Amino acid sequence: MTELFNNLVSYLNDVFIIKFDGWVMLGFVAQGFFTMRFVVQWIASERARRSVIPVAFWFFSIGGGALLLVYALYRRDPVFIAGQALGLVVYLRNLYFIALHKDQMTTGS
């Protein structure tokens, strides 16, 4: 049991202390964007008392997705790269629809 604990402590030290650099910090900032998108969605839904996805959700998604894509490119992780790149397309497309709908609402179409 002591050996297992020592191995765990060694692993965590390696991952969170020894390998900590600017790229890892970027990854944490990007993950923070993704966390914030759920926080703003939750707050908006609580206020409306129904499920709501505010525009800020998509902006945090783009910020987090773009930063995580940069991080994934640096790490050369093809699964992570493909996932983040596809996500960015979806996030941008949703903002396009929001802008299109807003424009139609202001022109009365």
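Where is the place of Arg76?

Tutor: The model is a predicted one. Arg76 lies in the loop between α3 and α4, the latter helix covering residues 78-107. The backbone of Arg76 deserves attention: its phi is positive, about 60 degrees, although the residue is not a glycine.

Another arginine, Arg49, is found in the loop between α2, residues 22-48, and α3, residues 55-75. The phi of Arg49 is near 60 degrees, again a positive value in a residue other than glycine. Arg49 has a relative accessible area of 74% and is therefore exposed by the cut-off of 50%.

Two packed helices are described by the angle between their axes and the distance between the axes. For α2 and α3, the angle is about 160 degrees and the axes are 8 Å apart. Because angles over 145 degrees count as roughly antiparallel, α2 is roughly antiparallel to α3. The crossing in which α2 passes α3 is left-handed. In the contact of α2 with α3, the residues comprise 18 nonpolar, seven polar and two charged ones.

To draw the parts together, Arg49 sits in the loop between α2 and α3, whereas Arg76 sits in the loop between α3 and α4.

Definitions and conventions:
Residues are numbered from 1 along each chain as its sequence is written. This is a predicted model: local features need pLDDT of at least 70, side-chain atom pairs count only at pLDDT 80 or more; totals for chains, interfaces and linings use all residues. Side-chain values use heavy atoms; hydrogens and water are left out. Helices (H or I, at least four residues) and strands (E, at least two) are DSSP runs, numbered from the N terminus. Buried means under 20% relative accessible area, exposed over 50%, partly exposed in between (1.4 Å probe, protein chains only). Axes are lines fitted to C-alpha atoms, for helices over the stretch in contact, and angles run from 0 to 180 degrees between N-to-C directions. Angles under 35 degrees count as roughly parallel, over 145 as roughly antiparallel, 65 to 115 as roughly perpendicular and the rest as oblique. A crossing is left-handed if the near helix is turned anticlockwise from the far one by less than a right angle, and right-handed if clockwise. Ala, Val, Leu, Ile, Met, Phe, Trp, Tyr, Cys and Pro count as nonpolar, Asp, Glu, Lys and Arg as charged, and the others, Gly among them, as polar.
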